Amino acid sequence: MIRFVIKVCLFFLPFIVILGSVILLDPFKVWFEYEDYYKEEVISTNRENVCLKLFEKGYTKYKFNSFILGSSRSQAFKTREWSKYLDSTSRPFHFDASGEGIYGIKNKLEYLDRIGNQIDNVLIIVDENTLITNYNRKGHLFISPPTLSGESNIEFHKSFFKTCLNPKFIYAYIDYKLTKKEKPYMGFLFNNMNCTVNYNGDVFYNRYDYSIRSDSLSYYKDLTSKGVFYQRKNERKDIYSMISEIEEHQLKVIYRILKKHNTKYKIVVSPLYDQRPLNIERVNLLNKLFGKENVFDFSGSNQYTESVGNFYESSHYRPHVANEIMKIVYN
Amino acid sequence: MIFNSIDFALFLPIVFLLYWFFFKNSIRFQNILIVVASYVFYGWWDWRFLFLIFFSTLVDFFVGLKLKDEKSNRRRIIFLGTSVFINLGLLFFFKYYNFFLDSFVSSFSFFGVQLNGNHLNIILPVGISFYTFQTMSYTIDVYKRKLDPTKDFIAFSAFVSFFPQLVAGPIERASNLLPQFFEKRKFDYNKAVDGLRQILWGLFKKVVIADNCAEIANQIFNNTGDYSGFTLIIGAIAFTFQIYGDFSGYSDIAIGVSRLFGFDLMQNFKNPYFSRDIAEFWRRWHISLSTWFRDYVYIPLGGSRGNKWKIVRNIFIIFLLSGFWHGANWTFIAWGGLNALYFLPLLLVSKNRKNIDEISYGRNLPKFREFTSILLTFSLTVFAWVFFRAESMNHVFLFFKRFLNGIQFKSSYIDAYNFMYWEIGIELILIIIVFIIIEWIGRHNKHSLEKILVNQNKVYRYIFYYFNYI
């Protein structure tokens with residue numbers, strides 16, 4: 001019996017050592033607090049968790065009361081530009097998440113409401129993916145922190161352990177730590193966009209901006225030849241992803257909170273490279289819940305989605321597009 | 001708590017150490033510990049569920065005692081009827097109330113009459129389908145005088161609530177499991193080690209095979225309108241592996257955990273996807289449930305005796321009930337009915353016991369004829385699983401409509417290939433192939449890892465175990 005227990009303990013010992021190392025090294029910056037989450041490291045972090053930490057660090061000092069919500073696509077909308085359309089008492093914060101859905105947007109508004117934070121202005125950036133993501137996603141980059149989701153702390157941290165125990169990650173991490181060189185095989189676990197973040201939560205994709213500024217022709221030619229900017233088909237999706245009860249419920253919760261705080265809000269449907277218009281049922285639902293005067297649909301084929309120069313790649317549009325959109329939205 | 005959770009990973013060693021270190025000299029205290037641990041395990045989902053299982057335990061314990069003492073046949077039937085009525089009543093209320101209500105309302109609306117059904121917000125207690133059947137088997141066996149009732153309430157409670165098999169089976173017979181609660185349990189090193197191997201394999205099936213295949217199946221089934229042709233078949237095959245990985249994985253973990261405590265549970269899955277015909281499939285799939293229906297429904301109805309119509313009736317009853325047991329939806333009933341249609345021809349021409357020998361015994365590979373039989377049986381089960389997975393009968397029709405429309409086009413093959421390459425990935429495909437090979441090699445054993453590598457060098461064994469674990 002004792003022999004059995006000892007053997008089992010010895011069997012699990014390597015994992016305990018690895019788990020302990022994972023916590024100490026904290027490659028995803030989850031277990032400890034940091035001054036700058038984007039300094040030096042190139043490992044992709046959970047953006048929502050980082051955003052939350054940034055907010056928690058700064059909200060008593062800066063008294064944020066205006067929020068840009070949405071996925072990484074919302075990063076085209078910079079708080080400094082947005083402030084021009086808000087009154088002088090506004091303190092904007094970019095509260096986004098990777099692949100954000102209305103589940104996350106709802107949770108953030110509920111969180112702000114719960115902690116008694118003012119919500120004077122809100123700009124919500126959506127697309128079809130945002131609207132159908134009405135659940136807590138899996139994966140260390142996407143799972144929502146328990147402070148926002150109200151879900152299990154264990155499940156949250158487990159997703160990071162899982163990634164850390166992935167042999168591909170362990171190998172790539174050790175390789176990078178030793179050589180300090182980013183290699184192609186390191187793939188999506190590593191993110192060398194050379195980003196900087198300000199205290200408002202705006203992310204600046206310095207690597208992309210620099211490449212475009214230096215030689216935009218080569219930049220876009222290269223991406224086109226790699227198939228990043230693919231040939232587009234202008235068609236509506238054959239809908240089986242109908243508006244679910246959960247989606248409608250979450251949108252209603254969002255509306256209730258905005259109404260409770262007398263928030264001035266706008267909802268923008270992003271202009272995406274795929275030029276697929278948001279289905280009419282969703283547009284109608286948004287208009288019905290939030291008012292036609294507050295909903296602006298830039299999806300489909302238009303001047304913003306036509307030119308590749310408006311995009312960093314096929315998923316994210318550039319800040320100048322967002323600036324043009326804000327001019328329209330706030331006029 | 002679920003088996004593949006950190007909660008269970010902490011719970012199990014604590015119970016294990018208490019069981020073998022502090023209570024090893026007392027069967028009674030070990031049984032008490034099992035009851036307490038099982039109630040903690042079950043209450044972890046929702047403490048309110050504990051009242052139900054306690055109530056069910058209490059009723060059947062006293063019914064069992066009454067059945068022994070009672071001489072009058074009429075009163076014995078009443079006592080048995082009470083147990084069956086209460087257990088099935090609980091099951092029907094929690095699992096099927098809203099289904100029956102919706103079906104009732106829909107049937108009237110078909111004729112243009114709108115009824116206002118009072119839909120209840122009922123939480124389904126986890127495992128209720130399993131433990132109600134388990135306790136009913138006890139009272140039925142006592143009624144038939146196949147089993148003496150126990151006067152030990154603690155042992156009986158431990159039998160009903162035994163945490164390894166409480167929420168997902170196997171559905172144990174009292175004649176197998178209950179006596180083990182009266183025997184002195186001595187720690188058996190080899191049994192415990194083999195139990196751990198079985199747990200490891202069960203976790204692999206659940207976490208690696210089932211969870212990964214679930215993502216693919218969900219993607220396709222939740223967006224059926226976005227896919228067509230052969231891509232839909234990939235979804236159906238993914239679900240086929242998902243459900244096997246989930247179900248048999250849980251059973252393996254349950255059996256493995258039981259062995260850590262010195263208990264032997266029945267084998268619940270015997271590599272059903274290697275079956276050569278549907279009859280064999282049903283001797284290998286969810287054995288505890290299919291034998292339950294055979295012994296307590298099919299045989300009392302007359303079984304295979306009597307005229308052909310009676311046999312057809314009996315077959316349909318058990319398969320439809322089996323389908324219905326799985327869930328409150330017409331799709332499950334349709335799935336059961338389809339399996340009845342598969343099974344009947346074999347039974348009616350007396351070929352249902354054609355393949356009772358071990359598959360390819362003494363050979364590494366199946367013969368060509370065997371292989372084609374296995375493929376055909378597998379295809380039939382994949383087809384049937386579409387009904388099981390679909391959300392409604394409309395969804396089933398949409399699925400097959402899009403499949404038939406899609407296969408006419410060459411692009412369907414390309415789409416399916418692209419889906420496999422980009423969405424599934426070569427790693428998962430390789431893992432599934434390795435999984436099938438390991439299952440094939442271990443097909444004659446109680447579980448696939450029982451004898452694999454046992455005689456090999458310790459280094460190879462541990463590399464294999466760590467690989468599985470990672």
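**Figure 1. Confidence across chain B of this predicted model.** Chain B has a mean pLDDT of 87, with 91% of its residues at 70 or more. For the complex, the predictor reports an ipTM of 0.74 and a pTM of 0.75.

**Figure 2. Helices α1(B) and α2(B) side by side.** Here we look at α1(B), residues 6–22, and α2(B), residues 27–43, whose axes come within 10 Å and cross at roughly 170°. With an angle like that, the cut-off for roughly antiparallel being over 145 degrees, α1(B) counts as roughly antiparallel to α2(B). The crossing of α1(B) past α2(B) is right-handed. On the α1(B) side, look for Phe11(B), Val15(B), Leu18(B) and Tyr19(B); they meet Gln30(B), Leu33(B), Ala37(B) and Phe41(B) of α2(B). Sorted by class, this contact has seven nonpolar residues, one polar and no charged ones.

**Figure 3. Where the two domains of chain B touch.** Chain B splits into domain 1, covering 6–185, and domain 2, made up of 191–276 + 355–469. Twelve residues from domain 1 of chain B and 13 residues from domain 2 of chain B take part in the contact. Which elements give two or more residues to the domain 1 side? They are α1(B) and α7(B), the latter spanning 163–166. The largest share of that side comes from α1(B), with three residues. By class, the domain 1 side that touches domain 2 of chain B has six nonpolar, four polar and two charged residues.

**Figure 4. Helix α10(B) crossing α15(B).** The axes of α10(B), residues 230–260, and α15(B), residues 368–389, come within 9 Å and cross at roughly 80°. That puts α10(B) roughly perpendicular to α15(B). From α10(B), the contact takes Ala236(B), Ile237(B), Phe239(B), Thr240(B) and Ile243(B), and these meet Thr381(B), Val382(B), Trp385(B), Val386(B) and Arg389(B) in α15(B). The class tally for this contact is seven nonpolar, two polar and one charged.

**Figure 5. Helix α15(B) again, now with α14(B).** How does α14(B), residues 330–348, lie against α15(B)? Their axes come within 7 Å and cross at roughly 160°, so the two helices are roughly antiparallel to each other. In α14(B), Thr331(B), Phe332(B), Ala334(B), Trp335(B), Leu338(B), Asn339(B) and Tyr342(B) meet Leu380(B), Ala384(B), Phe387(B) and Phe388(B) of α15(B). This contact has nine nonpolar and two polar residues, and no charged ones.

Figure 6. Most residues other than glycine have a negative phi, and most peptide bonds are trans. Now for the two spots in this view. Gly169(B) and Pro170(B) are joined by a cis peptide bond, with omega about 5°. Pro170(B) belongs to the loop between α7(B) and α8(B), the latter being 174–177. In chain A, Lys63(A) has a phi near 55°, a positive value in a residue other than glycine. To find Lys63(A), go to the loop between α2 (47–62) and β1 (66–70) of chain A.

Methods. Residues are numbered from 1 along each chain as its sequence is written. Chains are lettered from A and ligands numbered from 1 in the order in which they are written. This is a predicted model: local features need pLDDT of at least 70, side-chain atom pairs count only at pLDDT 80 or more; totals for chains, interfaces and linings use all residues. Axes are lines fitted to C-alpha atoms, for helices over the stretch in contact, and angles run from 0 to 180 degrees between N-to-C directions. Helices (H or I, at least four residues) and strands (E, at least two) are DSSP runs, numbered from the N terminus. Angles under 35 degrees count as roughly parallel, over 145 as roughly antiparallel, 65 to 115 as roughly perpendicular and the rest as oblique. A crossing is left-handed if the near helix is turned anticlockwise from the far one by less than a right angle, and right-handed if clockwise. Two residues are in contact if their C-beta atoms, placed from the backbone, lie within 7 Å. Ala, Val, Leu, Ile, Met, Phe, Trp, Tyr, Cys and Pro count as nonpolar, Asp, Glu, Lys and Arg as charged, and the others, Gly among them, as polar. Domain bounds come from an automatic or database domain assignment. pLDDT is the predictor's confidence in each residue, from 0 to 100.
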